[in-house]
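Hello,

Here is the structure for your set.

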Amino acid sequence: MELQAGEGRVIAAAGLGRVLVATAVVVERDAVARACGALPPGSDEEALGVVGRAHPFRPSGTTAHGGSGTTAHGGIDVIAAGVGPALAAASTASALTAAVLQGDPYGLVVSAGIGGGFQPEASVGSLVVADEIVAADLGAETDDGFVSVTELGFGTVRHHPPEDLVRLVGDAVGARSGAVLTVSTVTGTAERARALRERHPTALAEAMEGFGVAEAAAAHGVPVLEVRAISNPVGPRDRAAWRIPDALAALTEGFGKLLPVLESWNRHDQ
């Protein structure tokens, strides 16, 4: 285990091992890092000394490969993996593979960031945790409607985080649990929002990276979790209704409450 410098906080338990947190962009990465007590308000990428947007950043100030050296056992690494499921999958898989080659693999992958919320269940500024991570637009359009890749017989469109971990996280941060949809195109009309909810009635949120992160985690046999702070309603595109700073603040606050859960959860007890 590692003691967080300046905070006196143990970041991860030995039973879980290291945690990889995959965000999409730098501001999300920084929001998670602040929850670990590592960044002052207003920090930017240059202040972190991060080499490349997908290079793992250790909140204590070390990097997982290259840079200032290797991480110790235990701890949290945070990456800005990029936008969209393909880049998120590639960046996450690269970080997971590097950890295995170093002999210090990750015990959990968390997809974290902001996203759109289906109203009224997921209000702006709230947190949601995925009990299903769903590739909502991976499939084919037909005369009879949308058909998923699973229905076509070509693979899966769903990943399920550990049920007990989802419950513990929801209780710790006061988050609702439900499906979080991964889309390649952000919803911008009421019609598409209705269509998504008809196909996925338990959906609480949409984002663009969760399924890609989950695919990479599954390929390595590592459990996955997805946590989203809601920045805007899913529906007609209205930039005036977006509350990105509020969502980032909620992400920092929520991740701070989430840390003790990650410290105590042990996948090998499942």
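**Packing around H5**

The buried residues of H5 pack against E5 (106–117), E6 (127–135), E10 (176–182), E12 (224–233) and H8. Helices (H or I, at least four residues) and strands (E, at least two) are DSSP runs, numbered from the N terminus. This is a predicted model, in which local features need pLDDT of at least 70 and side-chain atom pairs count only at pLDDT 80 or more, while totals for chains, interfaces and linings use all residues. Residues are numbered from 1 along each chain as its sequence is written, and side-chain values use heavy atoms, with hydrogens and water left out.

In H5, the buried residues are Asp164, Leu165, Val166, Val169, Gly170 and Val173; buried means under 20% relative accessible area (1.4 Å probe, protein chains only). After H5 comes Gly174, with a positive phi near 70°.

**Cores**

A nonpolar core here is a set of buried Ala, Val, Leu, Ile, Met, Phe, Trp, Tyr and Cys residues joined through side-chain atoms within 4.5 Å. The largest one has 32 residues, and Val21, Ile76, Val110, Val169, Leu225, Phe255 and Leu258 have the most contacts inside it. Elements that each supply at least two of its residues include H1 (26–35), H5 (163–173) and H8 (244–264). H8 gives the most, with 9 residues. A second, separate core of 28 residues includes Val157, Val222, Val224 and Ile230.

Phe255 is in contact (heavy atoms within 4.5 Å) with Val21, Val32, Ala35, Val110 and Ala112, leaving aside its neighbours within four places in sequence.

**Cavity and pocket**

Both were searched for on a 1 Å grid over the protein atoms alone: a cavity is a set of points where a 1.4 Å probe fits but cannot get out, and a pocket is an open set with protein on both sides within 12 Å along at least five of seven lines; lining residues have an atom within 4 Å of a point. Grid points are joined across faces, edges and corners, and a volume is the space filled by probe spheres set on the points.

The whole structure has 1 cavity of 30 Å³ or more. The largest cavity has a volume of about 40 Å³ and is lined by Leu127, Val173, Val227, Leu251, Gly254, Phe255 and Leu258. H8 gives the most to this lining, with 4 residues.

The largest pocket holds about 400 Å³ of space. It is lined by 19 residues, of which Glu28, Ile114, Gly115, Val186 and Met208 are the closest to its centre.

Regards

Conventions: Buried < 20%, exposed > 50% of the residue type's maximum accessible area, 1.4 Å probe, protein only.
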